[in-house]
Amino acid sequence: MIRSVWLVSRLLFGAVFVYSGVAKMIDASDFATVIFNYQILPARMVYGAAMVISSVELICGLALCAGVLIRGAALVLNTLMVIFLGAMGLAIARGLDVSCGCFGGAGQAVTWQTLLRDALILAIGLVAAWGAFAKDGKDEEEI
Amino acid sequence: MLQSVRRLWWPQVLLLLAISIMAAWIVNVGRPEPLPWWADFTARKVEESVRAGITVLTPEEARAALSSGERLFVDARDPDEFATGHIPGALNIPAELLATGLDDAVSGLAKDKPMLLYCGGISCSKSRELAEAMKDMGFTALAVMPEGIEGWQAVGGPMEAK
């Protein structure tokens with residue numbers, strides 16, 4: 001039973017990032033604008049961050065879906081998720097009127113709803129990471 | 001070696017990050033217009049307007065233009081943002097009208113009237129998009145203030161709410 005929960009959460013968590021990674025990669029320039037808007041990174045690092053973050057989302061998402069390097073991928077994506085949540089929380093606290101940029105593009109604004117949704121994604125990610133680390137290194141053979 | 005990559009998390013993290021950076025680089029090379037890895041984003045926003053042939057004014061220059069009354073100020077933000085506060089005397093032409101047609105909104109304006117378009121801040125591109133569209137419609141004296149209302153307030157520019 002718990003194994004299927006781990007599997008489903010890993011596939012779900014991976015798929016979310018594959019989707020958002022591709023969307024951000026296509027619109028890297030827009031995503032750079034979103035990052036700039038958060039006013040966390042220096043203006044010079046914005047483009048590089050946009051390209052690397054979208055790529056990390058896609059590659060680690062694919063790894064999770066494919067069941068390869070799942071410990072590393074789960075760790076990286078959970079860390080990313082915590083950073084996103086922190087950035088959004090900070091934006092709300094500072095009263096910045098920023099677009100979330102969560103799935104690429106610039107449509108949705110950062111609100112408590114987007115924060116809650118990301119917290120839910122993080123929860124799924126933590127279950128996926130639990131599964132990845134619980135299996136004592138035998139992950140690839142067993143699934 | 002392979003065994004340790006499979007069991008330990010940190011070689012996996014390093015491997016994934018290396019692959020990601022490589023993939024990002026390859027994708028970027030394949031873009032029609034590759035993005036710079038290290039470039040001042042603020043300057044890029046200003047360059048975009050200059051490249052489109054639109055005059056760029058700093059907030060200080062815009063303040064001078066407001067006192068002299070030489071330019072009509074145009075706020076490209078949404079009506080609700082405009083309502084919460086804008087540059088005194090500004091006309092609201094929301095950039096969202098670009099999708100449905102600007103004709104009605106600009107019909108009463110003389111084509112050679114000097115105007116200054118602005119939106120939220122340096123990260124907002126509405127004023128430039130609106131300026132490009134109006135330029136195509138034949139307006140000849142357009143300028144943008146890329147720093148937007150944020151830059152305006154930062155230099156203590158007066159505000160008006162309605």
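This is a predicted model: local features need pLDDT of at least 70, side-chain atom pairs count only at pLDDT 80 or more; totals for chains, interfaces and linings use all residues.
- Gln39(A) sits in the loop that links α2 and α3 of chain A.
- The phi angle of Gln39(A) is near 55°, which is positive although the residue is not glycine.
- Leu69(A) also belongs to a loop, the one between α3 and α4 of chain A, and its phi is near 45°, again a positive value in a residue other than glycine.
- Is Leu69(A) buried or exposed? Leu69(A) counts as buried because 26 C-beta neighbours lie inside 10 Å, and the cut-off for buried is 20 or more.
- Ala66(A) is part of helix α3 of chain A, which covers residues 46-66.
- Because Ala66(A) has 13 C-beta neighbours inside 10 Å, it counts as partly exposed.
- Ala66(A) and Arg10(A) are 56 residues apart along the chain, yet their C-alpha atoms are separated by 9.7 Å.

**How α2(A) and α3(A) pack**

- A pair of packed helices is described by the angle between the axes and the distance between them.
- For α2(A) and α3(A), the axes come within 8 Å and cross at roughly 115°.
- The crossing of α2(A) past α3(A) is right-handed.
- On the α2(A) side, the contact is made by Ala28(A), Phe31(A), Ala32(A), Ile35(A) and Phe36(A).
- On the α3(A) side, the residues are Val46(A), Tyr47(A), Ala49(A), Ala50(A), Met51(A) and Ser54(A).
- Sorted by class, this contact of α2(A) with α3(A) holds 10 nonpolar residues, 1 polar residue and no charged ones.

**Where chain A meets chain B**

- The contact draws 27 residues from chain A and 24 residues from chain B.
- On the chain A side, at least two residues each come from α2 (28-38), α3 and α4 (70-93).
- Which helix gives the most to the side of chain A that touches chain B? That is α3(A), with 10 residues.
- The residues on this side of chain A divide into 17 nonpolar, 7 polar and 3 charged.

**Nonpolar cores**

- In soluble globular proteins, nonpolar side chains tend to be buried together.
- Here the largest nonpolar core has 48 residues, and those with the most contacts inside it are Ala32(A), Ala50(A), Cys60(A), Ala63(A), Ala73(A) and Ala74(A).
- Two or more residues of this core come from each of α1 (2-26), α2, α3, α4 and α5 (112-134) of chain A, and also from α2 (9-29) of chain B.
- The helix α3(A) gives the most to this core, with 12 residues.
- Leaving out residues up to four places away in sequence, Cys60(A) touches Phe17(A), Ala73(A), Val76(A) and Leu77(A), along with Leu16(B) from the other chain.
- Apart from this core lies another one of 24 residues, including Val74(B), Leu117(B), Ile149(B) and Trp152(B).

**Domains of chain B**

- Chain B is assigned domain 1 (1-38) and domain 2 (41-154).
- The centres of domain 1 and domain 2 of chain B, taken over C-alpha atoms, are separated by 41 Å.

How values were computed:
Residues are numbered from 1 along each chain as its sequence is written. Chains are lettered from A and ligands numbered from 1 in the order in which they are written. Helices (H or I, at least four residues) and strands (E, at least two) are DSSP runs, numbered from the N terminus. A residue is buried if 20 or more other C-beta atoms lie within 10 Å of its own, exposed if 12 or fewer, and partly exposed in between; C-beta atoms are placed from the backbone. Domain bounds come from an automatic or database domain assignment. Two residues are in contact if their C-beta atoms, placed from the backbone, lie within 7 Å. Ala, Val, Leu, Ile, Met, Phe, Trp, Tyr, Cys and Pro count as nonpolar, Asp, Glu, Lys and Arg as charged, and the others, Gly among them, as polar. A nonpolar core is a set of buried Ala, Val, Leu, Ile, Met, Phe, Trp, Tyr and Cys residues joined through C-beta atoms within 7 Å. Axes are lines fitted to C-alpha atoms, for helices over the stretch in contact, and angles run from 0 to 180 degrees between N-to-C directions. A crossing is left-handed if the near helix is turned anticlockwise from the far one by less than a right angle, and right-handed if clockwise.
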